[in-house]
Each structure stands twice: as structure tokens, then as C-alpha cells.
Amino acid sequence: MAADSDRIYPSAHHKSPASFSSRNQSVSAMIKQGFISDPILSPSRHSPPPTFGATANPTLFEMMASEHARDPNPPSASQKKLQERVSEVLSYAPFRICNLWGVGDVRLTLGSRVPDGDTAEPGYRVTVDVHRRVLAARSRFFAERLGRSGPHTVEILECDDVAVYLEAVVLMYSDQLKIKLLGRDVPKTLALLKICSAIMFEDGVKACLEYLEAVPWSEDEQESVVSHLNELQFDSSRTDSILERVIAEPSTPSRADEVFLKLSMGLLQAKDEKARKEMKSLIFQLLREDNDRDKNRIHVSRDTMYHICHRSLSSLVLCLSGATSVDENNQNRGSLMAEIAREADNIQWIVGILIDRKMGEAFVKLWADQKELAVLHSKIPTVYRHEISKITAQLCISIGKGQVLVPKETRFSLLSTWLEALYDDFTWMRNAGKSIDKKMIEEGLCQTILTLPLSQQQSILLSWFDRYLNRGDDCPNIQNAFQIWWRRAFLKHYSIESQMQLAVYDAPH
């Protein structure tokens, strides 16, 4: 009996090669159109129709001659890699065990897609003898096309990955599909899922979906999982359990506030100092990543942020008040001082988030108004209080960079309340650790001072001049601001003329 011969193209938009006859050019896509019987399309068209009987092992010479006749061009690196993968799949393929499954009655040829524009590299092909009863029982695609008994010759061309197609066929011979998938990585499982879906191998689809639900994914892999499942358009009942790990209910302001407040309270009260710093850094970085994305932004309200600020400020005032009333020899004094540094560090963290999310203006005024706190600060030894001055430095740096915009009255109030304390603590701040950038603090101070009216610049800089002469490097070096103020005050004269024209005059000598 002659074999039915069918050639199929997985890609619906594929155009047949120019060498095909006009009859063969009408062959349609694999999924949508199915098989067309045509003995001319058989891969063995130069020999009699196959009988699928057992054949003797060819000699080495015959194998080499056959390989040369089939493809006179040496395989490329990509083809060699594909051949290795195909050989690995065939090494455990059950359909090659004739005494278990019998002689195959379907000669299946799988052909790879030819790279676009590469006429020199032919597509790779592999031919195997498989069993109609297995393919028709496991795949609705094959069941619809291999209904008649007898031998068949089938070509599936333009495959994205021949090895994966072959793996799907191998899986049809197994009753323990999930076990067969153990150890596979996510990208290979997704590729197999796509093929199983295309050939309507339902048990294969189910096994792949169950496997994806159970194994961990990397962040890159999860993007691919979501993309593939959307592309394959499975019913949501089959994919919801898989996507639950990455798709949640839409975030609402109240929900995000609740989560952020809970995390923040835990961080501010944490007992392990190392873990506290690590997690504060992590949360800050995650919020910064979200801040860089306009989409899917986490909605943490200003009220929640400032609730945490006020809570930390109140704790800091209590700590300072307690420390000033405790005798220097009291054993609790050390723990109180450590608590001061801890609360100041907490405020720096939340202020950093406020500035990063463009909510820092109100805190500048809040900090400038802390007159009581500034008085208590002056009564605490510098070794414990310098963390508080880091908050002032943080604000000045942000103002100097234009990251926080506040009125000049607020800027002057900030410096009036906290600048002397910053001067006093500068040496300890500079020597306390690598987290302090001396040049950045000095530049922030310069820029903040130079945003003030000229008379206020003069008042601040003349006071600094006297302090710097007596303290030297123990005081911030803001000579740059001093020079600019001097030139503004004495070397250049600006006046506003009619119709808002600005005139510049060199000062008389």
C-alpha cells in the first residue's frame, strides 16, 4: 500500500520555495489548513514508497555518502548545536524501541526555518518513524489527519525549533509527563508548551502548565511566562493559578498606605541594627525604582509620609529631653544617646524618600520650626548629636540641587535655626563614616546661602568668616559662596530700569 504524504508549514504566513510547483504553492498553514495528500511531496520521492520495515545498520561509508548526498555544505555552528540537541532527544526516544512499540507506520520529517535572507544555509531536517496509534490518541491535530490506517509520510516544515517539536512527540509516548519535565528550565518549558498547544496535545499542555505553576521563576523569566500565556490565549481558569504570583488586585491608595506604614513602623522599631539598615536601604531603593516609572506607581500618600515624620520627631524630642536630665554617670545615658542617633537616622531615611518623591517642601519648614529641638541639641555631647545635623545637611544639599523648592523665608529660617549646630557638629559628621561627603555638604551650604537676599548672605557669611578663622577645617569651607557674595556686593552693581530691563555696571574703582 502506498503511503499518504503530507507537507505542513507551522507559519501561516509562509511562502513556499520558488522551486515548488504551482500545485504545491497552495499548501496552507499547519494548524489552520491541515494535510494535503500528494505522493510527490514525500521526502522519499526518489525511491519507492516506504514500507517502514526494519533495516540493517548502514556501514560508516554508506552513512558518510548519504550525508554528503543530502547536504554537500558543512553545517553551521547553529545547525551543529541543533543536531546535538536532536541527538540527545533521540537517545531516549521510546519510538526507536521496536520490540516495545513495533515498527512505526508514520514517517515524520521535521524541518527547521531557514534564516531570513540566508540562502546559503539550508534548513535542518530530521526524519523519524513513529506510531499512528500514539499520535492520534494523544493529539487532536494528528487524530484529524491520520484517521485512515496504513503508512503515512508527514513533513512539518518551517519549525521554529525542531528539537522541541521532537520532544513533544517523545512526550506522547509517556504516561508520566510531569516527571519527564522535571529539571527543565522555564524557557524550554514555555517553548514546549507552545508546541503542545499548536498540535493540540492536551496532556502535554496540562503538564507544562502544572510545571510552570510549581517551579520558581527569575524576574526575566516571569516576563516571558506572562507574555507566552497571553499569546497562547488559554482560558483564564487554566492560567489564574500560575499568574497569581505576579498579578495582584489593582493597587489602591489605602492599600499601599497600609502596607508602607506597616513596613515603616517595623523598620523604625527594629532591634537588629544591621538588619534595620539593610531593609531601609532596600525599601528606599524599591521606592526609587517605582518613582522612575510613570506606570504602576505605588500610591503612598503625603499624609502617611508626614505621619511617620511627626512620629519620629516626637520620639527624637523625648530622647533629647530624657538625655539632658540624666546624670553623666547614669548607666542608662549610653542607651539614651544611642536612641538619639537611631531616631535621627530614621528621620534621614524618611526625608530621603520625601525628597525623592518630590514631597519634601513641607518638611523643610517643619524642620526649620524645631526651635525647642535645636535648644535641646546644644545640650547633648557632639558624639551623640551629630546625626541630627545630618538632617540639616541633607536638606541643604537638596535645596542646593533644586530638588526642594521653598520660599526664601523658609530657607533663611532653616539656616537661622540649625546652621550653628551644623558648624559645631561638622568635625564629627566628617569623621563619622563614609556616608558623609564633605564636599557635597559644603556645596549644598554654598548654594542654599546664595539663594537668599544679599543682606542675609552677608550676615551669614561674615559670621562664618570669623568662625572659620578660629576653627579652620573644623568648620565647613564655604569660600566659594563668600567669593560670589563679595563680587555681587562690591564688584557688580545691578539696577532695574523701566519696562523691567536689567542693567549691569562695574563698581567704580
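Hi everyone, this is a short walk through one predicted chain, from its overall make-up to a few local spots.

A word on ground rules. The model is predicted, so local features need pLDDT of at least 70 and side-chain atom pairs count only at pLDDT 80 or more, while totals for chains, interfaces and linings use all residues. Residues are numbered from 1 along each chain as its sequence is written, and side-chain values use heavy atoms, with hydrogens and water left out.

Let's start with the whole chain. The secondary structure comes to 23 helices and 6 strands; these are DSSP runs numbered from the N terminus, with helices being H or I of at least four residues and strands being E of at least two. Of the 509 residues, 43% count as buried, where buried means under 20% relative accessible area, exposed means over 50%, and partly exposed is in between, with a 1.4 Å probe and protein chains only. The accessible surface is about 28,600 Å², and 53% of that belongs to carbon and sulfur atoms; areas come from the Shrake-Rupley method with a 1.4 Å probe, and for residues only the protein chains shown count as cover.

Now to strand E2, residues 106–112. Is it covered or open? Mostly covered, with 6 of its 7 residues buried. E2 pairs with E3 (residues 125–130) in the antiparallel sense over 6 bridges, and there Leu110 stands opposite Val126. E2 also pairs with E4 (residues 152–159), this time in the parallel sense over 6 bridges, with Glu155 as the bridge partner of Thr109. Pairing here requires that DSSP finds at least two bridges between the strands.

Next, helix H12, residues 236–243, whose buried residues are Thr239, Ile242 and Leu243. Down the axis of H12 they fall within an arc of 85°, so they line one face of the helix; the arc is that of the directions from the helix axis to the C-beta atoms. Their cover includes helices H10 (202–214) and H11 (219–232).

Which residues does Ser264 touch? This serine sits in helix H13, residues 253–268, and is buried, with a relative accessible area of 1%. Leaving aside residues up to four places away in sequence, Ser264 touches Ile308 and Trp349, a contact being heavy atoms within 4.5 Å.

For contrast, let's finish with Leu286 in helix H14, residues 273–291. Leu286 is partly exposed, with a relative accessible area of 43%.

Thanks, and happy to chat!
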